[in-house]
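Notebook, opened with the structure on screen. I list what I looked up and what I found.

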Amino acid sequence: MPRPGFVLEVDRSTPPILFWRGENFSLEKLPADRSRVIYPPEPLPAIKDIDGAIRHALLHPHGQDPLPSQLFAGMKLTIAFDDVSLPLPKMKRPDARQRVMEAVLDMAAAAGVEDVHIIAALGLHRRMHEYELRHALGDRIYDAFHPRGLLYQHDAEDPDNLEIIGTTPHGEVLEINKRAADSDLVVYVNINSVSMDGGWKSLTTGLASYRCLSHHHNGHTLQNTRSLMGHREHSALHTSIWRLGKVLKDSGPKVFQIETTLNTDMFPEAYSFINKREWEWTAKDRATYLGVSKGLSLLPTKMARKMFHDIQSPHQITSVQAGDTELVHDITLEWVFKQQLVPVEGQTDILTLGIPFVSPYNPDSVMNPILVMCMGLGYLFNMYRNKPLVREGGVIIMTHPTYRDFHPVHHPSYIDFFEQVLPDTTDPVVMGQKWEQQYAEDEWYRHLYRTGNAYHGVHPFYAWYWGAHGQQHAGKIIIVGGDAPTVRRLGFTPASTMDDAFEIASDVVGRAPTITHLHVPSLLVADVS
Amino acid sequence: MSERRTTSVAQLRKVAKVGDAASAAVQSALRPARNLGFPYRKPSKPKGVVLPVEPNTLGADFDTAWARKAPAKMVRTVLTAGALRAMVKALANPEVEGLDRLADLLEQDPLPAVIFAPNHHSHVDTPLIIATVPEEFRKQLVVAAAADYFFDKKLKGNLAALALNAFPIEREVTTRKSSDELRRLIDTGWSLVIYPEGGRSPDGWGQEFKGGAAYLSARTGAPVVPVFIDGTGSIYGKGMKRPKPGRTKVVFGAPLYPVDDENTRRFNARIEAAVTALGDEALTDFWTSRQRAANGTNPKLTGPEHNGWRRQWALAEQRKLGKAGQRRRQNRRWPDLG
Amino acid sequence: MSRLVFSRKPARFAAARLAGALMPGKGAAVGPLSLEPDERLPLPGADWVRLRPRLAGICGSDLALVDGTAAAYFDPIVSYPFTPGHEVVGDVATDDGGSRRVVLVPVLSCITRGISPVCHACEHGAIHLCERVAFGHLEPGLQSGFCADTGGGWSREMVAHTSQLVEVPDDLSDEAAVLIEPTACAVHAAQRYTGRETVIIGAGTLGLLTLAAITATRDADRHGPIIVTARYPEQKRLAKAFGADVVCSSDELPRWVRSTTQSLVYGDQLTCGAHHVVDCVGSSDSLQQALQVVAPGGEVQMVGMPGNVSVELTSLWHRETSIRGCYAYTRPDFDTAIDVVRRLDLGRLVSAVYPLGDFTDAIAHAASAGRRGAVKIAFDMRSA
C-alpha cells in the first residue's frame with residue numbers, strides 16, 4: 001500500500017536531506033524547528049494487465065463511440081504522439097506510446113485503413129533522433145512506417161503544411177499541421193507525467209505553428225499563470241489553450257484523445273535511495289549513495305551525464321482513458337493528483353530546490369544555464385496549487401553546478417540567447433518585445449530546426465518565460481554551487497554553500513526565516529492552503 | 001644356442017612358479033566366496049514361473065528428471081552460456097525481435113511458466129531458441145523432443161537431457177503419462193518449448209500444427225508464446241549432410257491465453273495464425289502483417305497448393321525475402337580505364 | 001644617461017627573441033636596447049632643427065622590435081644604431097629665444113631627404129608611401145625613430161626636419177598630444193569605413209583609436225552595427241564609451257556577426273558577414289577569424305602590423321574578399337587627428353608614464369597593457 005506524501009517538520013534529529021545537484025547529489029542539514037520537507041507520495045501500483053486495459057479504453061471510450069466503429073477503409077487517419085520531452089527518465093521498453101499505438105494500429109488494420117500518418121507532435125521542440133523514435137514507438141512501428149514516409153515529425157516552419165482552423169474571440173489564431181487538420185480522425189497518444197500537459201494542450205501546442213503559440217507563450221501570459229500545474233482557472237496559459245481547444249472542437253478534425261498516467265517509480269533498483277526517505281535508508285542505500293556521489297565527483301562531467309541519461313525508468317501506466325478530450329482529461333487529472341498531490345499548510349520565507357540533471361528540454365543532452373532557470377523557476381517552483389510554497393518576495397535557493405556549457409546541436413539558439421539577450425535584459429516582457437522577433441525569423445535557426453535536431457530559434461525565450469512567474473514572485477534567487485559569472489548573467493546571486501546562501505538570504509528574509517524544501521525528483525504537487 | 005634355450009626354459013619355469021603362487025593365492029582368497037550364492041550372485045530363475053516384463057527405459061519412458069536437478073543444471077548453465085551460444089552465433093548469427101512483447105511476463109513475480117511454440121525446420125532451432133529467450137526463462141526451460149528420435153539410445157537421450165534439458169514426447173498421439181508429466185513440470189514453474197508441427201519440415205514449407213501446445217496451455221493456464229524462426233532451414237534443414245552457416249531471425253509474438261470453453265482445435269488454429277502472422281512480420285513488416293492478419297491473408301506457412309517443382313520454386317522465392325536471402329554483396333570490381 | 005639606443009648585436013637579438021617569446025616585453029632587459037649617455041647629433045641639413053621630447057609613446061611596432069619579432073622586411077629601411085620613439089610631443093626653439101610645442105610627423109619622405117624632384121607618391125601627398133625611404137642624404141629609415149641620423153623620441157634630444165613638425169594647440173595637454181600620431185594612423189584607417197556592418201578585432205590602442213576615429217569622423221555614414229572584440233574589462237568599457245554597438249570576446253565574435261547579418265553557416269564559414277573587418281591584432285588567428293566573418297566581396301583591413309603569419313586563403317579566393325594593408329597617414333590626417341583627440345579627450349588613454357631609466361618596466365608594462373588595464377604607455381622626459 002503506497003504511503004501518501006507528507007510534510008516533515010525538521011527537528012534536531014532529522015538527518016541531512018538529499019538535494020539533487022545536477023549530475024550529483026549533496027546532503028544538506030536544514031535548520032531545526034523552522035524548516036519543513038515535503039515528501040512525495042510513494043508510487044502507485046501499475047495496472048496489472050496493461051495491454052488489456054488499453055484495449056478496454058479503446059473499446060469503451062468516454063463520450064464517443066468505440067474506436068473500431070470510428071475506423072473505416074479509405075479514411076485519412078492521423079496518429080499524433082507526445083515527443084521525447086517525456087517521460088523523464090525514459091521508460092523501459094515497451095514505452096506506453098508503443099503499447100497504445102500498436103493497439104490502435106491493430107484496430108486500424110482490422111478496419112482496413114490504409115492511409116495512416118504518424119506524426120511526432122513536438123511543436124517547437126527539436127526533432128527526435130532515430131534511436132529516440134525507436135525507443136518510444138518500438139522497432140516494429142518504426143520499421144513499418146518510417147521507410148514509407150508515413151512516420152515523421154511535425155515541422156512548424158513548413159508553410160505548405162500548416163492550416164488555419166479558426167480564431168478565438170480573443171483573436172488567437174489556431175494554426176496546426178495540415179495533414180492533421182484534413183484528417184477524418186486524429187488519434188492523440190499522450191503520456192501525462194504532470195498536470196500541465198494533456199487535454200487541449202496536446203494538439204494545440206504539439207502540432208501548432210509559431211504564430212499560434214506566440215499568443216500564449218509570452219512573458220505576460222506566463223507571469224499570469226499561477227500555476228502551470230495547478231487549477232486551470234488560475235492559469236492564463238491554460239485559459240488561452242482551452243479557448244483554442246474550443247475552436248479545434250468546433251471547426252477542426254474529429255479527435256480521439258488517449259491519455260495515460262504514470263506512477264512515480266522513477267528510478268531503478270540501483271538508485272532506489274533517491275526515492276526513499278532519508279531515515280529509512282538501509283546500510284546498502286547509504287553505501288550506494290556514498291559510492292555514487294564519490295564516483296560521480298571523480299568522473300568527467302560528460303561521463304556522469306551519460307550515466308544519468310542512460311537510466312531507464314521502471315515507471316508504468318496507472319490509468320488509461322480515451323475518447324472526448326475534455327472528459328478524458330478530467331479523469332487523467334484525477335489520477336495525476338492522486339499520485340502527486342500533497343496537502344501543505346501555509347507558505348514559508350525560503351524555498352529550497354535541488355535541480356536535477358534533466359529537464360523536458362534536454363533529454364540526452366546538456367543542461368545549460370537557461371534550462372537550470374527553467375527547471376527551477378518554471379517547473380519546480382510551479383509544483384503547487386492555490387498558492388506558491390514561498391511567500392511573495394521570499395527567497396528561492398537552488399542547487400546546481402550551472403556550468404556555462406551548451407549542446408551545440410540541440411541548443412544553438414540558446415548559446416546566442418545567453419551571449420546576446422541575457423546581458424541586455426532578463427525581463428521576459430522586455431526581451432519578448434526587443435529580441436524575440438529576430439530569433440523567430442532567423443533563417444539559420446529555422447534551417448537547423450527543420451533539418452537538424454535543434455530546438456526552434458525562439459525556444460530559449462519560451463524556456464525563460466516558463467520561469468517568469470517564479471522570477472517575479474521571489475525577492476531573491478540564489479544558486480548554490482554554480483559558476484559565479486554564469487549565475488550572475490542569469491540575474492541570480494551565486495553562493496558556495498547552503499549556509500552562505502542563508503546568510504545572503506538574510507538581507508531579504510531576516511535571520512530566522514522559515515524554510516520549505518521540495519523533495520524531488522519524484523514528482524509532487526503541493527496543495528497549499 | 002643351447003644356452004639361450006636353457007635360459008628361456010629356466011625363465012618359463014620361473015614364470016610358471018609365480019603364476020602358480022598367484023593363482024593359489026587368489027583361489028585361497030576366493031575360497032569362501034565360492035560357496036556364496038544369492039544374494040551375492042544373480043539369482044537363478046526357477047522353472048515354471050512367469051517372469052515380470054522389464055520396464056522399457058527408452059523412448060517415451062526415458063527418465064530425464066535427473067537433468068533438472070542442481071548438479072546437472074549447473075553443468076547445463078555453463079554449457080549454454082559458453083559453448084552453445086558461441087555455436088549458435090557462429091552457425092546462425094540470429095537477429096532477435098519482439099522481446100518487448102514478453103516484458104510484462106518478465107515483470108511478474110514469481111516468473112510464470114510459458115509455452116514457446118515455434119515453427120520447426122532444423123535441429124538448429126532448439127539451441128537457437130535456448131540462446132535467444134530472455135535469461136529468466138532460459139534458466140527454467142524444458143524442450144519437448146521427439147521420443148523416437150532423441151531417446152532411442154541411452155547415450156543420445158542422456159546427452160539431449162543434459163545439454164538441452166530435453167523431455168521425451170510422442171509425435172503423433174501424446175500419451176497420458178507424458179502429458180501429465182509435462183503439466184506437472186509447467187505447474188512447478190518450468191517453461192516449455194514445444195514444436196506444434198511435430199517434426200522438422202521435410203521440404204522447406206511448414207506443416208500443420210498439432211494441438212499439443214494448445215492442450216497443455218488450456219489445462220495449465222500457462223500462456224503460449226508463438227515464435228517464428230526464419231532461416232534455419234537453409235542452415236541445416238532436414239536431409240542436409242552438414243550444416244552451412246548463415247543468418248537467422250527469431251521473432252517472438254504476444255502471449256496467447258486460453259479462453260474459457262474454447263476447444264483445443266480452435267486454440268490451436270489461433271496459435272497457428274499467430275505464428276503465420278509473425279512469419280509475415282518477419283519477412284515484410286508489422287503494418288503489412290497486421291493488415292493481412294485482419295483479412296486473413298497472411299501468406300500460409302504451409303506454402304502454396306502446388307506440387308513438385310512449383311512448390312520448390314515458390315520456396316526459393318520466399319527464402320529470398322528472409323534472412324537466408326541476405327547474402328553478402330560481392331565486391332564489384334569496376335573496369336578501370338587507367 | 002638619457003638616450004635609449006637600439007644597436008645591431010645579433011647575439012642580443014637572439015636573446016631578445018627568446019625572452020620575448022617567454023614573456024612579451026621581456027626582450028628589453030636582455031636585448032640590444034640599452035641606455036646610453038647623451039650625444040649631440042649633427043643637424044643633417046639647413047631645414048633641420050633640434051627637438052626636445054617631452055613625452056614619447058611606446059607603440060606596438062616598437063615592442064615588436066624590442067622582442068625581436070619584427071620581420072626581416074624592415075632591415076633595409078632601418079639603420080643602426082638608432083633611438084626608437086616616433087610618437088613624440090616636444091619643444092623646438094623659436095627664433096625669439098622661446099620655444100613652441102610641436103608634435104612630430106615621423107615619416108621620412110623625399111622632402112626630408114633632400115630628394116628633388118620628389119617621388120611619385122610624395123607628389124600626390126601620400127608621404128607614407130614614399131619610395132625613397134632608404135635613399136637621399138639621410139641614412140635609411142622609414143620614420144624618425146628608426147634612423148641612425150635623426151635620433152628618436154626615447155631621448156632628451158633628437159633632430160627633425162621642419163616639414164615634420166605640427167604645432168600643438170594650447171588647449172591640448174601633453175598626454176593628448178602624444179596620442180595625436182597614433183590617432184592619425186586610426187584616422188587614415190577610418191577612411192576605408194563603409195558605413196555597413198563593421199568588425200574591429202582587438203581593442204588595444206589601435207583598435208580603440210580606430211573605433212574612436214570612425215565614430216568621430218564618419219558617424220553620419222553609419223547604418224550598420226560596429227562590433228568590437230575586446231579581451232579585458234577596461235578595454236570593453238572604453239570600447240562601449242567610444243560608441244561600439246556590440247563589444248564581445250573573440251570566441252563570441254562569429255556568433256554575433258552571424259546573428260546581426262542574418263547569415264547561415266557552412267562548416268566554419270559564415271555565408272554572409274561584415275563588409276569591413278579591421279584587424280588590429282595582426283596574428284594568424286586574428287587574420288583567420290577576420291576571413292571567417294567578412295562578407296563576400298568585403299575587405300579585411302590590416303591595421304596592426306603583422307609578422308610572418310600563416311593563413312588559409314581558400315575563402316578569400318572563393319568569396320572574392322580582399323586583404324588590404326593600412327600604414328601610417330598623410331599630412332591632412334594629422335590635422336583631423338588633432339580634432340578627434342580633442343573631441344573625445346583621448347589624452348585619458350595615456351595610462352602610465354615612465355622615466356627613461358625605467359625602460360625595462362615601461363616596455364614590460366606596454367607589452368602587457370591590456371591585462372593590466374592600461375592602454376598607452378609613454379616615456380616622460382619632462383622632469384629633468
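Is A:Lys178 buried, partly exposed or exposed? I found A:Lys178 at 30% relative accessibility, so A:Lys178 counts as partly exposed. The classes I use are buried for under 20% relative accessible area, exposed for over 50%, and partly exposed in between, with a 1.4 Å probe and protein chains only.

**Ground rules**

I note that this is a predicted model, in which local features need pLDDT of at least 70 and side-chain atom pairs count only at pLDDT 80 or more, while totals for chains, interfaces and linings use all residues. Residues are numbered from 1 along each chain as its sequence is written, chains are lettered from A and ligands numbered from 1 in the order in which they are written, and side-chain values use heavy atoms, with hydrogens and water left out.

**Entry 1: salt bridges in chain A**

I stayed with A:Lys178 and looked up its partner. A:Lys178 forms a salt bridge with A:Glu163, and their closest N and O atoms are 3.3 Å apart. This pair links distant parts of the chain, with A:Lys178 in helix 5 (residues 178-181) and A:Glu163 in strand 8 (residues 162-167) of chain A, 15 residues apart. A:Glu163 has 24% relative accessibility and counts as partly exposed. For a salt bridge I require a side-chain nitrogen of Lys or Arg within 4 Å of a carboxyl oxygen of Asp or Glu. Helices (H or I, at least four residues) and strands (E, at least two) are DSSP runs, numbered from the N terminus.

I next looked up A:Arg243, which forms a salt bridge with A:Glu172 at 2.8 Å between the closest N and O atoms. This pair also links distant parts of the chain: A:Arg243 is in helix 9 (residues 236-251), A:Glu172 is in the loop between strand 8 and strand 9 (173-177) of chain A, and the two are 71 residues apart. A:Arg243 is partly exposed at 23% relative accessibility, whereas A:Glu172 is buried at 6%.

A:Asp95 and A:Arg97 form another salt bridge, with the closest N and O atoms 2.9 Å apart. A:Asp95 is buried at 1% relative accessibility, and A:Arg97 is buried with a relative accessible area of 3%.

One network of salt bridges links A:Arg404, A:Asp416, A:Glu419, A:Asp442, C:Glu252, C:Arg255 and C:Arg258.

**Entry 2: chains A and B**

Which chains share the most contacts? Of the two pairs of chains in contact, chains A and B do. A contact here means heavy atoms within 4.5 Å. Chain B gives 14 residues to this contact and chain A gives 22 residues. The buried area between them is about 1,400 Å², with carbon and sulfur atoms giving 53%. On the chain B side, B:Asp100, B:Phe286 and B:Trp287 lose the most area to chain A, together 47% of what that side buries. Buried area is the accessible area (1.4 Å probe) that two parts lose on being put together, summed over both.

I found five salt bridges across this interface. B:Glu107 forms a salt bridge with A:Lys92, the closest N and O atoms being 3.7 Å apart. Helix 3 (103-107) and helix 12 (286-295) of chain B each supply at least two residues of the side that touches chain A. The largest share of that side, six residues, comes from helix 12 of chain B.

I also checked chains B and C: no contact joins them, and their closest C-alpha atoms lie 31 Å apart.

**Entry 3: aromatic rings**

I have 37 aromatic pairs over all chains. The rings of A:Trp281 and A:Tyr289 have centres 5.5 Å apart and planes at 45°, so this pair is tilted. The rule pairs rings of Phe, Tyr and Trp (its six-membered ring) with centres within 6.5 Å; planes under 30 degrees apart count as stacked, over 60 as edge-to-face and the rest as tilted. A:Trp281 is buried at 12% relative accessibility, and A:Tyr289 is buried at 7%. Ring pairs join both into a cluster whose members include A:Trp20, A:Phe25 and A:Phe357.

**Entry 4: two single residues**

A:His459 is in helix 18 (residues 459-466) of chain A and is buried, with a relative accessible area of 3%. Leaving out residues up to four places away in sequence, A:His459 touches A:Leu124, A:His125, A:Tyr361 and A:Tyr414.

C:Gln191 is in the loop between helix 6 (180-190) and strand 8 (198-201) of chain C. C:Gln191 is partly exposed at 46% relative accessibility.
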